[in-house]
Amino acid sequence: SNDSLIITTLGEKGSLIAKKGENIIKIPAFKPDKVIDETGAGDAYMSIFIYEFLKSSKDWKSIENAGYLASCGASFLVEKKGPQGFQSKEMVLKRIKNKNYIY
C-alpha cells in the first residue's frame, strides 16, 4: 500500500493534502494582519505540518488538523521580516477559531 502524503501549498489559495484512498483535504489560507515578508512561508508551513504530523495519531482528521495549524502558523510568519513573525500555538489556535480565511 502507498501511505504517501502529497502536500501542495498554494500561497493565498491555501493548500491541498492528498493520500491514496482518501478525499483531498483543502486547507484555507489564513488572513494575516499585514503582509511584510512572504519569504519562508512555505518552509514554515512544512515545518509546522511535519512537527504536528509526527506527534499525531496520523489518522486523516489529525492530518487535516496539522494542515490547519501549518497554514495558520505560516500566516503569522509573513507579518514581520524574517522569522520574527512566529507566534505561540495559543495565538495560532485563536486565529484558527476565528476562521479568518482568505477566499
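## Overall fold

The protein is built from 3 helices and 5 strands, where helices (H or I, at least four residues) and strands (E, at least two) are DSSP runs numbered from the N terminus. Read from the N terminus, the elements follow the order β-β-β-β-α-α-α-β. The radius of gyration is 13 Å, close to the 13 Å that the globule rule gives for 103 residues, so the protein is as compact as a globular protein of that length. That radius is taken over C-alpha atoms, and the globule rule is 2.2 Å times the number of residues to the power 0.38.

A word on the model itself: it is predicted, local features need pLDDT of at least 70, side-chain atom pairs count only at pLDDT 80 or more, and totals for chains, interfaces and linings use all residues. Residues are numbered from 1 along each chain as its sequence is written, and side-chain values use heavy atoms, with hydrogens and water left out.

## Burial, contacts and surface

Of the 103 residues, 38% count as buried; here buried means under 20% relative accessible area, exposed over 50%, and partly exposed in between (1.4 Å probe, protein chains only). Among contacts with a separation of 6 or more, 58% come from residues 24 or more positions apart, a contact being heavy atoms within 4.5 Å.

The protein exposes about 6600 Å², and carbon and sulfur atoms supply 54% of that area. Accessible areas come from the Shrake-Rupley method with a 1.4 Å probe, and for residues only the protein chains shown count as cover. As for charge, the mean positions of the 16 positive and 12 negative charges are 3 Å apart. Lys and Arg count as positive and Asp and Glu as negative, while His and the chain ends are not counted; each charge is placed at NZ of Lys, CZ of Arg, CG of Asp or CD of Glu.

Let us start with Val-92, which lies in helix H3 (residues 89-98). Val-92 counts as buried because its relative accessibility is 7%. Leaving aside neighbours within four places in sequence, Val-92 is in contact with Leu-69, Cys-72, Gly-73, Phe-76 and Gln-87.

Not counting residues up to four places away in sequence, Ser-71 touches Ile-27, Pro-28, Ala-29, Phe-30 and Tyr-45.

## Salt bridges

Side chains of opposite charge can pair when their charged atoms come close. The structure holds 6 salt bridges, each defined as a side-chain nitrogen of Lys or Arg within 4 Å of a carboxyl oxygen of Asp or Glu. One of them joins the side chains of Arg-95 and Asp-33 (3.6 Å, N to O). Arg-95 lies in helix H3 and Asp-33 in the loop between strand E4 (29-30) and helix H1 (41-54), so this pair ties together parts that are 62 residues apart in sequence. Arg-95 is buried, with a relative accessible area of 9%, whereas Asp-33 is exposed at 65%.

Arg-95 also forms a salt bridge with Glu-79, the closest N and O atoms being 2.8 Å apart. This pair links distant parts of the chain, with Arg-95 in helix H3 and Glu-79 in the loop between H2 and H3, 16 residues apart. Both Arg-95 and Glu-79 are buried. Through shared partners, salt bridges join Asp-33, Glu-79 and Arg-95 into one network. Another salt bridge brings together the side chains of Asp-37 and Lys-81 (3.9 Å, N to O). Here Asp-37 is in the loop between E4 and H1 and Lys-81 in the loop between helix H2 (60-77) and H3, 44 residues apart. Asp-37 is buried at 11% relative accessibility, while Lys-81 is exposed at 56%.

## Positive phi at two lysines

Most residues other than glycine have a negative phi. Lys-58, although not a glycine, has a positive phi of about 70 degrees. Lys-58 lies in the loop between H1 and H2 and is partly exposed, with a relative accessible area of 36%.

Lys-99 has a positive phi of about 50 degrees, and it is not a glycine either. Lys-99 is found in the loop between H3 and strand E5 (101-102), and its relative accessible area of 56% makes it exposed.
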